[in-house]
Amino acid sequence: MYEWSDEHLMLRQAMRDFIAKEILPIKEDLEHGDTPPYDVLRKLYATFGMDEMARATFEKRIAHEKAVAAGEAVNDDKPSRHGGGDAGYTLIPIIELCRHCPGMVTAMGVSVGLTASAIQAKGTIAQKERWVPQLLTLEKVGAWAITEPNSGSDAFGSMLSTARRDGDEYLLNGNKTFITNGPYADTIVFICKLDEGNDPKDRKVLSFVLDRGMPGLEQSKPLRKMGMHSSPTGELFLTDVRVGRDRLVGETEEVSKGGRDGAKATFQQERSGVAAMSLGIIEQCLDLSIEYAKNRVQFGHPISEFQLIQQKLAMMEVARMNVQNLVFRTIELSKAGKTMTFAEASAMKLYSAQAATAVALEAVQLHGGNGYMAEYQVEQLARDAKVLQIYAGTDEIQTVAIARGLVG
Amino acid sequence: MNVVVCVKQIPDPADPGALDPESKTLKRDGKLILDESDSYGVEMALQLAGDSGEVTLVSMAPNGEVSGLRTALAMGAAKAVLVSDDALKGSDALTTAKVLAKAIERAGSYDLILAATESSDGYTGTVPEQIAEVLGLPSVTFAKAVTIDGTTVKVDRQTEAGYDEVTCPLPALVSVTAGVVEPRYPSFKGIMAAKSKPVDQVTVADLGLDAANVGWAGAGQEIIEVAQAEARQAGEVIEDDGEAFNRVVGFLSDLKII
Ligand SMILES: Cc1cc2nc3c(=O)[nH]c(=O)nc-3n(C[C@H](O)[C@H](O)[C@H](O)COP(=O)(O)OP(=O)(O)OC[C@H]3O[C@@H](n4cnc5c(N)ncnc54)[C@H](O)[C@@H]3O)c2cc1C
Ligand SMILES: Cc1cc2nc3c(=O)[nH]c(=O)nc-3n(C[C@H](O)[C@H](O)[C@H](O)COP(=O)(O)OP(=O)(O)OC[C@H]3O[C@@H](n4cnc5c(N)ncnc54)[C@H](O)[C@@H]3O)c2cc1C
């Protein structure tokens, strides 16, 4: 794939029309008010039949899994996660939304991506049917909680949240922070360690599915933060939350590699999403910068005539081309039924996130004082872009993963 | 209820291109898109056809252009007839109507034909009525609402004062005004399906027309000159001496606005 297909372009145009009509008029409330993004995201899903398609794809996959369980089918040729096997249909909405509200994509991605995938990947068929369809259609808002006040990059090593057996049930305790959708989530995947009185570093990692309103579960108000304002981020406090085995993902404590690989698969998917997000931010920053440079006159000339400004634009274009190629590669790989290695996904995430931040900051610079003012969109995009280097694994953690792939 | 919709594919107004100094017409070598004016006709047709009927698109455009058609197919139309032929270069509105009439006959059985009152680029606003005349059908213009009642169509026809209620027997041709319905977005499923929906691409000869009677050769019009619109005259400045409102009132009543 070297360019978008006609269908991709049609989809992109339809997305742009929708965004202009439904999102831009309320953008101020989404970015600077208390309006959570879920209603307009649901409208997006309904308008384009994304909900219906997600449900149909889910049903096909579940039917397949049931057939495999009954010995009537084999596990290869699993139906694709993406509509029609084309990841472009998943990535184009991400790109277009990120031109305006990357926060909305964060909220959406955590719900339909991370949370649903965590249950989809390791849950039992009954658990998938119970929670996944509503998450995939955005009927329910999902959150995926691993980070804690004292446990971030070292997610498993420093994790303090616990599950303790209590008869046939478990008691869950712990605090989670920086949790996307935390304040509004209906369905929460809570990751913790099984406390059998053993050394914390030997404990198994288990995931539980929680519902909003369960006794002992408290969801904080949104935290104030630098950017991504259209994505509510919060804390979770669990005090003796009592759950049955039906909420233990997979319904077994015998999780492979001590439960760490489930979370790792989730990291990987998250990383490809970041490339598409970066592309949206970069494209928008470049478009706005070209427009501004052609119209802003200083020293009697449009600033686009100054070589130092041209260099900024040229470097933005280089970043755009590179990140677009990474997105194309993601689409091609998924079409071929392949996935990136963990190291490759990390490299893509690292590069894209750095490129988006660099481009957005250069766009601010190119806009001069206006670029620092909230009236100009580059100010928002620069604040939003920065987090791409922090969440879903920091730059440093990606670098470690890439190096591990190279030198073991 | 089967509906045929005439859809014009036009240069993207966001990227309008240029005039060809030689032919004095719009260059149409780039990609063409569905004329927004026709998206209302498509939406109305989809609503009228419902689940039992079928919507067929008819279009005449250069270079086998299908982008605009694919958009309407993605919205839900079932199939399309596209007339594309170098011989059509320079076709005037009447020729266009004759060609589209033939294409409509080729499209199969229909109860109703919809078009826009005028296209966004050429906007002569004459093609639909000429199609009706060629096909010997009744035509109703400026529709803001269309309902089907058995074998007749009821149209609320926009007028300066309000609207007329017009009833006419089917089959008929109705031209709809912009903005009267909310065109749907193509769904993801629709976009995926559009690629495999049939587009019957035909030439002038396929329609049984003679190339000598279409295009520049058959046009009853000639473009003599394309000139800059005259610069606007400077306005009249009135110093307000406390009585200026009388001048404003006089001015507005001269224009018969008040
Ligand atoms: C807006 C936002 C949304 C988020 N959403 C979620 C969510 O939905 N769910 C969730 O579970 N978490 C979420 N997070 C948390 C996020 O994943 C973590 O913030 C991130 O993994 C970094 O962890 P930390 O903040 O504890 O930083 P730390 O791990 O304390 O890192 C501090 C610094 O040290 C560096 N560092 C750490 N270890 C090493 C090392 N070995 N070598 C070199 N440098 C190192 C880091 O790269 C960083 O620069 C979100 C965060 C933000 C900001
Ligand atoms: C100089 C010149 C060169 C031209 N060259 C070409 C050419 O190379 N190839 C070619 O195919 N055509 C060509 N045309 C035809 C032209 O594209 C128009 O279709 C025609 O002139 C109709 O004019 P209008 O846009 O004013 O129609 P209007 O009467 O304003 O249109 C009203 C409605 O009629 C329908 N309609 C009109 N035209 C079409 C159409 N073409 N297809 C489907 N529905 C339609 C639409 O619903 C439209 O909204 C040429 C015309 C001229 C004058």
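## Exercises on a two-chain model with ligands

Among contacts in chain A between residues at least 6 apart in sequence, 76% join residues at least 24 apart; two residues are in contact if their C-beta atoms, placed from the backbone, lie within 7 Å. The model is predicted: local features need pLDDT of at least 70, side-chain atom pairs count only at pLDDT 80 or more, and totals for chains, interfaces and linings use all residues. Residues are numbered from 1 along each chain as its sequence is written, while chains are lettered from A and ligands numbered from 1 in the order in which they are written.

**Exercise 1.** Describe the overall build of chain A.

*Solution.* Start with the elements: chain A has 13 helices and nine strands, taken as DSSP runs (helices H or I, at least four residues; strands E, at least two) numbered from the N terminus. Next, the radius of gyration of chain A is 22 Å, close to the 22 Å of the globule rule for 408 residues, so the chain is as compact as a globular protein of that length. The radius is taken over C-alpha atoms, and the rule is 2.2 Å times the number of residues to the power 0.38. The C-alpha trace spans about 80 × 50 × 45 Å along its principal axes.

**Exercise 2.** Characterise the packing of helix α1 (residues 6-23) against helix α3 (residues 38-47) in chain A.

*Solution.* First the geometry: the angle is about 145 degrees and the axes are 11 Å apart. Axes are lines fitted to C-alpha atoms over the stretch in contact, and angles run from 0 to 180 degrees between N-to-C directions. Then the residues: α1(A) contributes A:F18, A:E22 and A:I23, and α3(A) contributes A:V40, A:K43, A:L44 and A:T47. By class, this contact has four nonpolar, one polar and two charged residues. Ala, Val, Leu, Ile, Met, Phe, Trp, Tyr, Cys and Pro count as nonpolar, Asp, Glu, Lys and Arg as charged, and the others, Gly among them, as polar.

**Exercise 3.** Describe the side of chain B that touches chain A.

*Solution.* In this interface, 12 residues of chain B are in contact with 15 residues of chain A. On the chain B side, α2 (67-75) and α5 (188-194) each supply at least two residues. That side divides into six nonpolar, three polar and three charged residues.
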